[in-house]
Amino acid sequence: MLKTSVGLVTAAALGNSAAAQPTGAPGGDRRARGLEALGAVGGADFSRTLDPLSPDLSRLLIEDAYGDVMARPGLSQKNRELINVAVITVLGTARPALRFHIAGMLETGWSPREIVETLLHSVVYGGFPFAQDAMLVAREVFAERGVTVGTDSGRPDGDDWALGVQQLLKTGGDDAGTFARRVIDGSGPSPDLDRLTVEFAHGEIWNRPGLALKDRELATLAMVIAIGNPDSSVRFHVEACLRTGWTRAEITELLIQMPVYIGWPQALTAVEPSLAAFAEAERPGGLAAPSSSGEAIATQRAQTETDDVRFNRGVTAMGEISQASGEAVVNAFHDIAPDLGRYILEFSYGDVFSRSGLDLKSRELATVAALTARGTKADETPLKVHVAGALNTGATKQEVTEAILHMLPYAGFSRVQSAMAAASEVFSEQ
């Protein structure tokens, strides 16, 4: 019985007796069911690579992860693959699994453009390094399969402020309207952070037409749980999933699936905020539609600057920092995600690095420290780029070394040692 109840504890904890029933998981041949689920995403032979290490590990993958969880009927295999890619992308630590599930998205009916949009969406929740690394993996998968994506821009038409407010109202109701109003009256702790959240995250990225809003919301819920976001973020996106058409049972299935990729302790932290969101939705009146006063916020101001102004400022900042060509950055992903390079220059360099509150040297040292603390394989190349950037903007090798060493109490010795090795390579090259 224990072997056939993986995930049911989560469902029971969520207080949904229907979801907590063993709907399709018990009974039958768990191995056959697991192999069928693996086969549906193109990987029936994937587990065999584990056999030389441990046949039991291979068996647990097939029977538990796939037979008991991925084969559950509460979500389609197609939607489960979207969740998998969203989670693995923002973790930034499992390229082989990401490659497998990007191929799985193709096998289960997602278009190449929808896959690229899922990876690009992760910029908001995992940052640019993880999105860039995932895009490299997708490029390899597409090349192996002879798949092309197209080089047309997928940027939304319209004013980013208005688009952002309208999108937030769709997924967050009047609470989102209150958040947007903070930008207008400057009442938040960081008005610029609020503005960038509305204009870039929700105005630009969330409004891209390559992935449906409902699918973006499911992927986002998976991402915020995976990165350990606060309860408020999880609750917001559970409610947003309900607003965009996902059912309580389907959201519960997502939560049952999460332990396969992030482990039980972190997955179970999403239970309490999910229950709160369900209770809010099920009270009399439910999740109310946004009021007209919320909708009026979209017309009370406009996008702060044009995209071209931000882009040109970003090109200038990048030239000062890394002496790299803005054109080279734009073209780096032209064949698969032509807008990604523009976003790097407009947002990272034009909106953030160009701010006057810190000089470029300080920003580069802070970036080196941040990438050291995160310390994944996907951060390795960006770390080298920003070590060089720190040197280019006037930092000494000793200052770069201190920025890395300062992370010892917060990131541990292994990450700091890896970062120091990467920095040493850059030092030797210069």
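How much space lies in the second largest pocket? About 350 Å³. This model is predicted, so to speak with care: local features need pLDDT of at least 70, side-chain atom pairs count only at pLDDT 80 or more, and totals for chains, interfaces and linings use all residues. Residues are numbered from 1 along each chain as its sequence is written, and side-chain values use heavy atoms, with hydrogens and water left out.

**The pocket**

Among the 17 residues lining the second largest pocket, Gly-172, Asp-175, Phe-236, Glu-239 and Arg-243 are the closest to its centre. Two or more lining residues come from each of α10 (160-185) and α13 (231-243), and α13 gives the most, with seven. Helices here are DSSP runs of H or I with at least four residues, strands are runs of E with at least two, and both are numbered from the N terminus.

**The cavity**

Rolling a probe the size of a water molecule over the atoms shows where empty space is left. On a 1 Å grid over the protein atoms alone, a cavity is a set of points where a 1.4 Å probe fits but cannot get out, while a pocket is an open set with protein on both sides within 12 Å along at least five of seven lines; lining residues have an atom within 4 Å of a point. Points are joined across faces, edges and corners, and a volume is the space filled by probe spheres set on them.

The structure holds one cavity of 30 Å³ or more, and the largest cavity has about 60 Å³ of space. Its lining includes Ile-88, Thr-89, Phe-130 and Asp-133. The elements giving two or more residues to this lining are α5 (77-91), α6 (95-107) and α9 (128-145), with the largest share, three residues, from α9.

**A hidden serine**

Ser-122 is found in the loop between α7 (112-121) and α8 (123-126). With a relative accessible area of 0%, Ser-122 is buried (under 20%; exposed is over 50%, partly exposed in between, with a 1.4 Å probe and protein chains only). Beyond residues up to four places away in sequence, Ser-122 touches Thr-89, Val-90, Gly-127, Ala-131 and Met-223, where contact means heavy atoms within 4.5 Å.
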